[in-house]
Amino acid sequence: MSNTDLSPATIAAQAAGATDRETGGVVPGISLATTYLRGEDYGLIRPENVYGRDHNETVRQAEEVIRQLEGAAASLLFPSGMAAVAAVFRALPSGARVVMQTGIYWGTLKWVREYCVRRAILLDEVEASDAGALAEACRSSADMVWIETPSNPWLRTVDITAAAGMAHKAGAVLVVDGTAATPVLTRALELGADISMHSATKALNGHSDVLAGALSCREPSLPMWQEIAVDRHDAGAILGPFEAWLLMRGMRTLPLRVERMCASALALATWLEAHDGVAAVFYPGLASHDGHDVAARQMPHGFGYLLSFLVRGDRARTLDVMGRLRLFHRATSLGGVESLVEHRHTIEPHTGIPENLIRVSVGIEDMADLRADLAQALAE
Ligand code: PLP
């Protein structure tokens, strides 16, 4: 049975076959060496290992898990999701044109806007969940189209296959940030994306204790991928072995965690939508969501662990609701086993995020406990 026949649960649980061949351990050790031996003839003892900035067995093992989960030809790990974003943008030539989904994760947009000014890259921001708007932006030639689906914190969904068609017509590479989906729910490369990106800090690791970013490609001969790989190798933005090992450990339970988180998120979104104290719920699993049909097609096993809702009331009422929560932690980030809430307006006050929006990352706690916590916090 080839690895491509294996389901995500099997790939993840067995860490894509990583064991400790030297000791016979079922779990691989952490390879800490920053440099590698040469023999008396000055030949490398292991030709694939020269120096720790370029090569590390533990990082390779974690990359192999992601590669198999993504159905990718190659995957690379970076020290954070933003380092992975930056690696992609650094591969663009000066003067390039980028079509970028607007209203996505604020950290990405902020850095990209500043970087594009510095490098004279023409940046066209577009509401990519609107297929007509994306098609219009792709009428002129471009080097790259960047989408994030579902988007953070609005949970907008973009049809990856349609976006790939438009991007390729414009001569552009399509990059998809699928952090809120994970490869368990959406394999962007199989839907036509050229590069798939994840903040592995989130659900891939899943325990709020590792910063990491992942890039995967369908076709390693893609010039942009080659640039990215050379830049990671030469400029040194590699993940540390401790983080890679922890990430591999976290990913063993990814499909299980995602299954539970999706079920709870859907149940909570449905419950919130019917609550008098809630003005609106944004979750692709709800039939009322604009992108529900697209999500149902490209997320057949669940709609993700992230949702946002609008409290009926003002900023003070919203912060009061958040302050009353006892199980949900008030903290930034998403995708961990513990549920989090965030008041995005406080983080990005000038970007149009409503003052009554609460973003929820649903963890693996008992759903009824989470619902009861929300119920007591929303009670008038
Ligand atoms: N992409 C998305 C959708 C995110 O939510 C985040 C972080 O919140 C990032 C990228 C950046 O990842 P990191 O925090 O690992 O740098």
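How far does a backbone N or O atom of Gly81 lie from an oxygen atom of the ligand?

Author: Happy to! Please keep in mind that this is a predicted model. The distance you ask about comes to 2.8 Å, between a backbone N or O atom of Gly81 and an oxygen atom of the ligand. Side chains join in too. Thr201 places a polar side-chain atom 2.6 Å from an oxygen atom of the ligand, and for Lys202 the distance from a side-chain N or O atom to a ligand oxygen is 3.0 Å. The protein covers 92% of the ligand's accessible area, which is 380 Å² when the ligand is taken on its own.

Now for the rest of the surroundings. Around the ligand you will find Ser80, Gly81 and Met82, then Tyr105, Glu148, Asn152, Asp177 and Thr179, and finally Ser199, Thr201, Lys202 and Ala212.

The largest pocket, for its part, has a volume of about 540 Å³. It is lined by 18 residues, with Glu22, Ser31, Arg46, Asn49 and Glu57 the closest to its centre. Sorted by class, that lining holds six nonpolar, seven polar and five charged residues.

Searching the whole structure for cavities of 30 Å³ or more turns up one, and the largest cavity has a volume of about 40 Å³. Its lining is made of Thr149, Ile160, Val176, Gly178, Thr186, Ala188, Ser196 and His198. Of the lining residues, three are nonpolar and five polar, while none is charged.

Finally, a word on the cysteines. The number of disulfides is zero, taking a disulfide as a pair of cysteine sulfur atoms within 2.5 Å. Cys138 shows the reasoning: the closest cysteine sulfur to its own belongs to Cys116 and is 15 Å away, so the two are too far apart for a bond. Cys138 counts as buried because its relative accessibility is 7%, where the limit for buried is under 20%. Cys217 is buried too, with a relative accessible area of 0%.

Technical notes: Residues numbered from 1 in each chain as written. Predicted model: local features only at pLDDT ≥ 70, side-chain atom pairs only at ≥ 80, totals over all residues. Heavy atoms only, no water. Buried < 20%, exposed > 50% of the residue type's maximum accessible area, 1.4 Å probe, protein only. 1 Å grid on protein atoms, 1.4 Å probe; cavity = no way out; pocket = protein on both sides within 12 Å on 5 of 7 lines; lining within 4 Å. Points joined across faces, edges and corners; volume = space filled by probe spheres on them. Nonpolar A, V, L, I, M, F, W, Y, C, P; charged D, E, K, R; others polar. Near = heavy atom within 4 Å. Polar contact = N/O pair within 3.5 Å; in protein donor to acceptor, adjacent residues only side chain to side chain. Areas by Shrake-Rupley, 256 points an atom, 1.4 Å probe, with all protein chains shown as cover.
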